[in-house]
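Let us take a friendly walk through a protein model, moving from one residue out to the whole chain. Keep the picture in view as you read.

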Amino acid sequence: MAMKLPEPTKTVTMWKTDSESFEQLVTGKKKFEVKIATPGIKDILEKDLIIFFGHDDQKFLIVQRSRRFKTFDEMLQVINASEIFPGKDQEGALKELRAKFPKSKEHYGVYAFELTPYVAPAKKVNITYATK
């Protein structure tokens, strides 16, 4: 499947997520995607684009900000759990995170990426004014 990149100067990273999380991200119900701090994840910067593969509706999301934490517990002290898992409290979010990521990998650190749907900038149009 061919994919047209929105802007040649933007970095695009492909991630995987479940359908429910993807829908929540593109509709704005979910604000943060959490990843373990692996080398590729550490390189993602604000304004980079993320696309989630495996979904019929391929939409780009843009990183508004990223924050690194030592543990899930530390992250949940700063970020509201419902912004990571809509409808869950801190205890429920921690349970979901521990089910998704093995405890043995948490020691690498945790990144929380604030994502919003990407809207491409309007194309510049050259306007010529006629003079009389």
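Predicted model: local features only at pLDDT ≥ 70, side-chain atom pairs only at ≥ 80, totals over all residues.

Is Lys-35 buried or exposed? Its relative accessibility is 12%, and because buried means under 20%, Lys-35 counts as buried. Leaving aside neighbours within four places in sequence, Lys-35 is in contact with Trp-15, Lys-16, Ile-41, Phe-101, Gly-109, Val-110, Tyr-111 and Phe-113.

## The sheet around it

In what order do the strands of the sheet come? The sheet is open and has five strands, ordered E1-E3-E4-E5-E2, with mixed pairing. Strand E1 (12–15) and E2 are at the edges; each has a single partner strand, so one side of each lacks a neighbour in the sheet. On average, neighbouring strands here are turned by 40 degrees against each other, if direction is ignored.

Now follow the pairings one by one. The table gathers three of them.

| Strands | Sense | Bridges |
|---|---|---|
| E1 and E3 (residues 49–52) | parallel | four |
| E3 and E4 | antiparallel | three |
| E4 and E5 | antiparallel | eight |

Some residues let you trace these pairings by eye. Trp-15 stands opposite Phe-52 in E3. Helix H1 (residues 19–27) packs on the sheet, where it touches E2, E3, strand E4 (60–69) and strand E5 (110–117). The direction of H1 makes about 55 degrees with that of E5. Leu-49 has Ile-62 in E4 as its bridge partner, and Ile-62 in turn has Thr-116 in E5 as a bridge partner.

Next, look at the nonpolar residues. Which members of the largest nonpolar core touch the most other members? This core has 17 residues, and those with the most such contacts are Val-34, Phe-72, Met-75, Leu-76, Ile-79, Ile-84 and Leu-97. At least two residues of this core come from each of E2, helix H3 (72–78), helix H4 (90–100) and E5. Another core lies apart from it, with 14 residues, among them Val-26, Phe-52, Phe-113 and Leu-115.

Phe-72 deserves a visit of its own. Leaving aside neighbours within four places in sequence, Phe-72 is in contact with Val-34, Ile-36, Leu-94, Leu-97, Arg-98, Phe-101, Glu-106 and Val-110.

## Aromatic rings

How many aromatic pairs does the structure hold? There are five. One of them joins Phe-72 and Phe-101: this pair is tilted, with 5.9 Å from centre to centre and 35 degrees between the planes. The pair links distant parts of the chain, since Phe-72 is in helix H3 while Phe-101 is in the loop between H4 and helix H5 (103–106), 29 residues apart. Both Phe-72 and Phe-101 are buried.

Trp-15, Phe-22, Phe-52, Tyr-111 and Phe-113 make up one aromatic cluster.

## Two residues in loops

Lys-30 is placed in the loop between H1 and E2. With a relative accessible area of 2%, Lys-30 is buried. The charged end of Lys-30 sits over the ring of Phe-85, 5.1 Å from the ring's centre. Leaving aside neighbours within four places in sequence, Lys-30 is in contact with Ser-21, Gln-24, Leu-25, Glu-83, Ile-84 and Pro-86.

His-55 has its place in the loop between E3 and E4. At 9% relative accessibility, His-55 counts as buried. Leaving aside neighbours within four places in sequence, His-55 is in contact with Thr-17, Asp-18, Ser-19 and Phe-22.

## The whole chain

Finally, step back. The chain contains five helices and five strands, and along the sequence they follow the pattern β-α-β-α-β-β-α-α-α-β. Of the 132 residues in the chain, 38% are buried. Among the contacts in the chain with a separation of 6 or more, 72% are between residues 24 or more positions apart.

Methods. Residues numbered from 1 in each chain as written. Heavy atoms only, no water. Buried < 20%, exposed > 50% of the residue type's maximum accessible area, 1.4 Å probe, protein only. Contact = heavy atoms within 4.5 Å. Pairing = 2+ DSSP bridges. Axes fitted to C-alpha atoms, helices over the stretch in contact; angles between N-to-C directions. Core = buried A, V, L, I, M, F, W, Y, C linked by side-chain atoms within 4.5 Å. Phe/Tyr/Trp six-rings, centres within 6.5 Å; stacked < 30°, edge-to-face > 60°. Lys NZ or Arg CZ within 6 Å of the ring centre and 35° of its normal.
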